Amino acid sequence: MTASSAEPAPPVFSLHRGSLPLLISIPHLGTQIPADIAATMTPVAQRTDDCDWHLDRLYAFAKRMGASILAPTYARYVIDLNRPPDGANLYPGQDTTGLLPVDTFDKEPLYLDGHLPDEAEVARRRDLYWKPYHEALASEIAALKATHGKVLLWEAHSIRSHVPRFFEGRLPDFNFGTSNGVSAVAGLGEELAAMAERHGGYSAVSNGRFKGGYITREYGRPEGGVHAVQLELAQVTYMQEQMPYGYDELLAAKVEPLIEELVRAALERVLAE
């Protein structure tokens, strides 16, 4: 196939625009890896083990309720959209993966020997993948705020319930992050955690191991009308945590209505401010 007849690369992200002052960002949903990058990576990278599996399916209610939804095409192994552009550690003193991860959550190497990304490659991927997503995020927040006056940014994430690299034991089912109350109206994270426990019987915590990543911290400005909440959901609540990472219809049927209830409650709380 010649260069002129090659298929164009898929768009970096998809954006569905809704009618409510609500934007749901799913920055770790993507599973694709461009061929030129994949050629430098180990076979384990092709499994994209650490993506936030099936969240588009679990959050299908969001489009029906009128939310805007932003999601990337490419995997976090290409570049992590929820990290600062300079790659600074969001949890100083704790282990974490960076802007361009070099290993999996289980510390398996992602790159072949001699193929770790250099600074030029970091800059290239930041321009190609990170910047467009964040430009779209900022633009949609601004548009929603101009129309409605206030915005709820809901950061949708999920992770295996056991990842010894990052936390001991089993992660609570629902992990809400508001950057210790800075990124959203005071008490919102605690209110949502209490709802998850009371209405669903799940374990829940606010600003525990996960306090919100770069997006929550960077864009959440309640004094300016933008309230950001991150939900890090234990994958055991809705899917098979090991390959082939199957979606569990029975589990999801229980948790999806609760997430919708939580999103609606958070939006009501923000609009009441």
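Visitor: What percentage of the 273 residues of the chain count as buried?
Guide: Welcome! This is a predicted model, where local features need pLDDT of at least 70, side-chain atom pairs count only at pLDDT 80 or more, and totals for chains, interfaces and linings use all residues. Residues are numbered from 1 along each chain as its sequence is written, and side-chain values use heavy atoms, with hydrogens and water left out. Buried means under 20% relative accessible area, exposed over 50%, and partly exposed in between, with a 1.4 Å probe and protein chains only. By that rule, the buried share of the 273 residues is 54%.

Visitor: What is the mean pLDDT of the chain?
Guide: pLDDT is the predictor's confidence in each residue, from 0 to 100. It stays under 50 over residues 1–5, which have two contacts beyond four places in sequence (contact means heavy atoms within 4.5 Å). Even so, 97% of the residues reach 70 or more, and the chain's mean is 95.

Visitor: Which radius of gyration does the chain have?
Guide: The C-alpha trace spans about 55 × 45 × 40 Å along its principal axes. The radius is taken over C-alpha atoms, and the globule rule is 2.2 Å times the number of residues to the power 0.38. For 273 residues a compact globule would come out near 19 Å, which agrees with the chain's 18 Å.

Visitor: How much space lies in the largest cavity?
Guide: On a 1 Å grid over the protein atoms alone, a cavity is a set of points where a 1.4 Å probe fits but cannot get out, while a pocket is an open set with protein on both sides within 12 Å along at least five of seven lines. Grid points are joined across faces, edges and corners, and a volume is the space filled by probe spheres set on the points. The structure has three cavities of 30 Å³ or more. The largest of them holds about 230 Å³.

Visitor: Which element gives the most to the lining of the largest cavity?
Guide: Lining residues have an atom within 4 Å of a point, and among the 21 here, Arg76, Arg83, Tyr91, Phe210 and Glu232 are the closest to the centre. By class there are six nonpolar (Ala, Val, Leu, Ile, Met, Phe, Trp, Tyr, Cys and Pro), six charged (Asp, Glu, Lys and Arg) and nine polar residues (the others, Gly among them). At least two residues come from each of β4 (151–159) and β7. The top contributor, with three residues, is β4.

Visitor: How many residues of the second largest cavity's lining are nonpolar?
Guide: This cavity has a volume of about 50 Å³. Its lining consists of Val12, Pro72, Tyr74, Ala75, Val78, Ile79, Leu81 and Tyr129. None is polar or charged, and the nonpolar count is eight.

Visitor: And what volume does the largest pocket have?
Guide: β1 (13–16), α3 (60–65) and β3 (68–72) each supply at least two of its lining residues. That lining divides into two charged, two polar and eight nonpolar residues. The space in the pocket is about 180 Å³.

How values were computed: Helices (H or I, at least four residues) and strands (E, at least two) are DSSP runs, numbered from the N terminus.
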